[in-house]
Amino acid sequence: MPHTPVAVHRERKEPGEIFGSGFSLFADMLLVGLLTGIACLPVVTAPAAFAAASACLRQAAGGGATVTSGTYARALRARLSVGSLSAGLALPLLVVVLLADAAVARSALPGAGVVAPALALLALGAAVVGLRATALDAPHRLSVREGLVRSVADPRGSLLLAGAVLLTALLAWSIPLLVPLLPGPLAFAATAVELRSPHG
C-alpha cells in the first residue's frame, strides 16, 4: 500500500541554513507577494494572481515545498481563464461605482452621512469575499458564490480576514514602499483562514 508523504516540521536547522524552516515560509510569502504584485498590474489578472499565490503558499505551508518564480508562473497559468478574467473586469467597475458613491457621500444630499460608512463596509465585505474566493482549492476554485457562503458560515474567519485587509490598507497608506510586497501577506491571511475553516 503506497504511503502518502507527510510534511515533517524540522526543529533543527540544516547545514548552511541561517534562519530555520519557519523563516522559509516568511521568505516564500514575500516572494509570492512581489510576484503577485507584478501579476496584478494588468488588473484583470488580479483574481488569478491571488489564487496562484494562495496555491503556492498552501503547498509551502503543507508540504514544505519552496516557492519559486517557476512554480508561481505555472500556478498562475493554470488559473488564468475566461472566468477569472471576467472577475478581474469587475474590479475596476466596482472601484468606479464606489468612487461615484463616495462623491455623492461628500455632497450635501440628505442621508450622505450614512452613505460613507455603508460604502466602507461594502468595500471591506467585497474584499473579504473576494480574498476568500481566491483562497479556495478545487473543486470550488475562484468561486465568488462559494467565497460568499464561506464568509457567512465562518464569521470569525471573515473578521480575521477583514482585520488583515484593514492592516494592509493602513500599511499601504503609512509606508507606500511596502505596497509591492503587501499582496503576499493578504494571500497568506486568506489561505490561513481557509485552512482553519471547517471546509478547508
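Select Arg 132, Asp 154 and Arg 196 to start: a network of salt bridges links these residues. Keep in mind throughout that this is a predicted model.

**Stop 1: the network**

Zoom in on Asp 154 and Arg 196. They form a salt bridge, and their closest N and O atoms are 3.0 Å apart. The pair links distant parts of the chain, with Asp 154 in the loop between helix 6 and helix 7, Arg 196 in helix 8, and 42 residues apart. Now colour by accessibility. Asp 154 counts as buried because its relative accessibility is 7%. Arg 196 counts as partly exposed because its relative accessibility is 39%.

**Stop 2: Arg 150 and its partners**

Select helix 6, residues 144-153. Show the side chains of Glu 146 and Arg 150. These residues lie four apart, about one turn of the helix. They form a salt bridge, with 2.9 Å between the closest N and O atoms. Are Glu 146 and Arg 150 buried or exposed? Both are buried.

Glu 194 is buried, as is Arg 150. A search of the whole structure finds four salt bridges.

**Stop 3: the largest pocket**

Hide the salt bridges and turn on a pocket surface. The largest pocket holds about 1200 Å³ of space. Select Leu 91, Leu 94, Ala 126, Ala 127 and Leu 131: of the 35 lining residues, these are the closest to the pocket's centre.

Which helix gives the most to the lining of the largest pocket? Helix 5 does, with 10 residues. Colour helix 2 (46-63), helix 4 (82-105), helix 5 (112-134), helix 7 (155-174) and helix 8 (183-196); each supplies at least two lining residues.

**Stop 4: the whole chain**

Zoom out and switch to cartoon. The chain has eight helices and zero strands. Along the sequence the pattern reads α-α-α-α-α-α-α-α. Of the 200 residues, 34% are buried.

Draw the contacts next. Among those with a separation of 6 or more, 66% join residues 24 or more positions apart. Finish with the accessible surface. The chain exposes about 12000 Å², and carbon and sulfur atoms supply 73% of it.

Key. Residues numbered from 1 in each chain as written. Predicted model: local features only at pLDDT ≥ 70, side-chain atom pairs only at ≥ 80, totals over all residues. Heavy atoms only, no water. 1 Å grid on protein atoms, 1.4 Å probe; cavity = no way out; pocket = protein on both sides within 12 Å on 5 of 7 lines; lining within 4 Å. Points joined across faces, edges and corners; volume = space filled by probe spheres on them. Buried < 20%, exposed > 50% of the residue type's maximum accessible area, 1.4 Å probe, protein only. Contact = heavy atoms within 4.5 Å. Areas by Shrake-Rupley, 256 points an atom, 1.4 Å probe, with all protein chains shown as cover. Salt bridge = Lys/Arg side-chain N within 4 Å of Asp/Glu carboxyl O.
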